[in-house]
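Colleague: Hey, can you walk me through this one? I'd like to start with the salt bridges.

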Amino acid sequence: MPQINHFEWFIVTIILLSIIGYLIGGILFAPIFGKFLSKNIRKEGSMNPGATNLIRTTKNRYIGIVATICDAFKSYFIILISWLIVKYVFIGEYWKDSNLTLGALIFLPGVFVIIGHCFPLKYIIYFIKFKGDKEKIKDFSGGKGVSSFGGLVSAISPWLMLIGLAMFFVLLLIFRYVSLSSLLSTLILSCLVWIKQLDLIYFKVWESNEALFANGWYFIGLLFLFMLLATSFIWYRHRLNIIRLFKKTEPKAFTKKENQI
């Protein structure tokens, strides 16, 4: 029986962490915190299991902020675990001659957190069971993934995260649409990964091996694809918001009918 080399073990580990990330992503904190406050946010407000609807239904901004941070931490946490495993298990003599550009794969489990947040396992199961009947599966739907995307960006580069936050609020002040600000921010942040100077500062902080976290174009290209994949799921989950934006029926922020992330 042929032995599995360390590179193959690394791939297996990333796959397992991606599965775990997907399952963790399915834990939606806004509905959980809503239950603690005797609110079923899936049946009140916009009926979306997100932080904004939690704020709207509970009239408590602080609990919404906590839910947002918890959703963001899911993707950051699984990427941190991936990095620790790579640093203490796979970096060393075994990989001296390997193509370490694939070290960017440590961020893949964070993408799967976002996928799990948007489409939890329970939702997929009931979607198949009830053949896509919206009325029967609406109580199991996922969120829109923006907060978890923030966790992914934070793990990639704190500088990108600060830029993303500033950009989101500037766009929100200009357009007053939370959905539009979120969509544009995710897309622009994905493109900003290509600016090597931003990434270079970050990778020097996290590097455990110069070869693995070398700021090469292949590494950044793979990272960009991951960001784009996550962004595509977020945009898909905002498809109704996009339709309303074109029809000019999307509710604006800073009014009684706040938008939904």
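Colleague: What's the N to O distance between K74 and D71?

Modeller: That salt bridge has 3.3 Å from N to O. K74 and D71 both sit in helix α4, residues 61-90, three residues apart, or about one turn of the helix. Helices here are DSSP runs (H or I, at least four residues), as are strands (E, at least two), numbered from the N terminus.

Colleague: Are K74 and D71 buried or exposed?

Modeller: Both are buried. Buried means under 20% relative accessible area, exposed over 50%, and partly exposed in between, using a 1.4 Å probe and protein chains only.

Colleague: And which class does E135 fall in?

Modeller: E135 is exposed, at 58% relative accessible area. Its side chain meets K138 in a salt bridge at 3.2 Å, N to O, and K138 is partly exposed at 40%.

Colleague: Switching topic: how do α9 and α10 cross?

Modeller: The axes of α9 (residues 158-175) and α10 (residues 178-192) come within 9 Å and cross at roughly 145 degrees. Those axes are lines fitted to C-alpha atoms, for helices over the stretch in contact, with angles running from 0 to 180 degrees between N-to-C directions.

Colleague: What kinds of residues make that contact?

Modeller: By class, 13 nonpolar, four polar and no charged residues. Ala, Val, Leu, Ile, Met, Phe, Trp, Tyr, Cys and Pro count as nonpolar, Asp, Glu, Lys and Arg as charged, and the others, Gly among them, as polar. Contact means heavy atoms within 4.5 Å. On the α9 side, the residues include F168 and L171, and on the α10 side they include L184 and I188.

Colleague: Last one: which helix has the lowest mean pLDDT?

Modeller: Among the elements of the chain, α11 (residues 196-206) is lowest at 55, while α5 (residues 108-118) is highest at 97. pLDDT is the predictor's confidence in each residue, from 0 to 100. Where pLDDT is low, the predicted coordinates should not be read in detail.

How values were computed
Residues are numbered from 1 along each chain as its sequence is written. This is a predicted model: local features need pLDDT of at least 70, side-chain atom pairs count only at pLDDT 80 or more; totals for chains, interfaces and linings use all residues. Side-chain values use heavy atoms; hydrogens and water are left out. A salt bridge is a side-chain nitrogen of Lys or Arg within 4 Å of a carboxyl oxygen of Asp or Glu.
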